Amino acid sequence: MGFSFSPQNFVHPQLKPIVANMSFFDAFLFYIIHWMDKYEVWHRLPVILGVAYLGIRRHLHQRYNLLHVGDIKGRKYDTDEYCYRTADGKCNHPADDRIGSQGTFFGRNMPPSNLPYELLEPHPSVVAAKLLARKEFIDNGKQFNLIACSWIQFMIHDWIDHMEDTQQVEIMAPDNIADACPLKSFKFLKTKQVPTNTTTTWPSKGNNFLMNKTGSLNTRTPWWDGSVIYGNNKEGMERIRSFKDGKLKMSDKDGLLEHDEKGIPISGDVRNCWAGFSLLQALFVKEHNTVCDMLMVHYPEFDDEKLYQHARLVTSAVIAKIHTIDWTVELLKTDTLVAGMRINWYGFLGKRIKDMFGHFCGPIFSGLVGLKAPRDHGIPYSLTEEFVSVYRMHSLLPDKLQLRDINSSSMDECPPITREMAMREMIGKEGEKRLSEIGMEKMMVSMGHQASGALTLWNYPSWMRNLVAHDIDGEDRPDPVDMAALEIYRDRERGVARYNEFRRNLLMIPISKWEDLTDDGEVIEALREVYEDDIEKLDLLVGLHAEKKIKGFAISETAFFIFLLIASRRLEADRFFTTNFNSPTYTEKGLEWVNKTESLRDVISRHYPEMTRKWMKSSSAFSVWDSSPTPTNFIPLYLRPAP
């Protein structure tokens, strides 16, 4: 197949309407990535060319995959007066105090689905039972451990949660599948739909239209502000503060979270928690308090409020940095992505040059962090419905937690397993009790040495198909739910495009037959049966899990392209990572703390140096700890050819 710049001869027929409305320059860039997509070569290119491909893709997604939902009527404000992060996310965007705050709309990366299928077509319980339910646990090898699995819940609780309606929905499994469902029926609250009353321009269509009469509200703050430990509003923030020396509440007994009289942890977000998630909250409460101690030494004039606010800025930035250049590169373990994510933070010239000379020559050379002004590409910042959907990763969770003997005198690199505990015992209040008995260090080492599940079909945890969910206050809800079936329903309810429609809207080549998606004959046969051989019916979650994966990727390429867009946006739209990422805002020593922290391993070593020295052989705390170390990612890998 020869390269051609004629859309009639070159562009996939289903993508021609989108390309027809692009500018000449954008269409030219699209031809470049489309050619690479046709030959599936971008991830096999030398790293510098792979990074260039991702840069072009990100540009096109910024132009054609950002849609604003709803109307924001905030006010202008003095950024100098609001020099800290607020409790509810207000006063972060420099032009409008409400953008990105709690209770604003989820955005969109594409229009709501316009396919003619019904909410129950095919039935979510059928999809869950025949395509998602775990047959036997499939792990992902040494790439990702349970700390990495818990980390993503730690992040989700920082960013996103839909406001629910008071109206209940009941899903009843069809008779022909009921015996394969742990719950024959289950009830849950609808996603609340709120009028938007706005007209939106969809760039690839080139005209205005009423994109959606209603939208969904985010009950968390979508900024990367550490709200998972600090809370999403003033009440939540005050609940976890000690109001002494800027510190947060923490148990003196076991170094874990403090609990209320009901046994519910006192932390920023406690909905649907389990022991691994609570562990990370406790670790970063400890990090916050340690930052306070450091600031007190260097700035003895700071009162409780200043210590708290500066420590929050520092700790939130540490969390964002770890996710960007540590967690993500373990999830997408290729030299190209190591380079790309470090370029996001440090720029093409790398950490050493940026540390020496500061931010200069724009985002390509110095990264997104430290830009002179936030960039939102003309669309007010929010996280999107599609972003929520691609972060459905419950298959990472195992059936059992393997506890290890950290006092063993064995010379083995991996401490021996002493017992296994059902994951059901590790959730909610019972999980908090178990965690207290196990202790921070034993739990961390155990999770570090246990591989997470693989994001593939037939690997959804069975215990989550009969799950008692929590309210925002951490209390059990009265009705258990089948999370596998519920996740299928939620995407459809919220108008998220199904798999093929999703790919078209992301400028990706749609599949034309099941064999384009997977080589597994058993999977193909099951997909044909469930979706009646209609490729357009294929649910997004199922397609993402069935899709052939790029070597080194724990997620699908389709999901990754949403990550590519949003991972950059979370940094470049936030004034505390751009305009105010400086020593007057963070303090000189606070900024130094962020700059010197490169990984979760650094944070764990800061608090438990003996733990990492004795038990962590891996380079990253997110890899299985007894795995071989990888080359340091401080080397400019983009200068090396791809393997």
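**Exercise 1. Determine the handedness of the crossing of α9 and α15, and classify their angle.**

Solution. Step 1: α9 passes α15 in a right-handed crossing; a crossing is right-handed if the near helix is turned clockwise from the far one by less than a right angle, and left-handed if anticlockwise. The model is predicted: local features need pLDDT of at least 70, side-chain atom pairs count only at pLDDT 80 or more, and totals for chains, interfaces and linings use all residues. Residues are numbered from 1 along each chain as its sequence is written, and side-chain values use heavy atoms, with hydrogens and water left out.

Step 2: Helix α9 (residues 275-298) and helix α15 (residues 428-438) pack at about 60°, and their axes are 9 Å apart. Helices (H or I, at least four residues) and strands (E, at least two) are DSSP runs, numbered from the N terminus. Axes are lines fitted to C-alpha atoms, for helices over the stretch in contact, and angles run from 0 to 180 degrees between N-to-C directions.

Step 3: Angles under 35 degrees count as roughly parallel, over 145 as roughly antiparallel, 65 to 115 as roughly perpendicular and the rest as oblique. α9 and α15 are therefore oblique to each other.

**Exercise 2. State which residues of α9 and α15 meet, and sort them by type.**

Solution. Step 1: On the α9 side, Ala275, Ser278 and Leu279 are in contact (heavy atoms within 4.5 Å) with Gly431, Glu432 and Leu435 of α15.

Step 2: These residues divide into 3 nonpolar, 2 polar and 1 charged. Ala, Val, Leu, Ile, Met, Phe, Trp, Tyr, Cys and Pro count as nonpolar, Asp, Glu, Lys and Arg as charged, and the others, Gly among them, as polar.

**Exercise 3. Classify the ring pair of Phe144 and Trp327, and say where the two residues lie.**

Solution. Step 1: Rings of Phe, Tyr and Trp (its six-membered ring) pair if their centres lie within 6.5 Å; planes under 30 degrees apart count as stacked, over 60 as edge-to-face and the rest as tilted. By this rule there are 31 aromatic pairs.

Step 2: The ring centres of Phe144 and Trp327 are 5.6 Å apart and the planes stand at 55°, so the pair is tilted.

Step 3: Phe144 is in the loop between α5 and α6 (146-159) and Trp327 in helix α10 (residues 304-331), so the pair ties together parts 183 residues apart in sequence. Both Phe144 and Trp327 are buried, where buried means under 20% relative accessible area, exposed over 50%, and partly exposed in between (1.4 Å probe, protein chains only).
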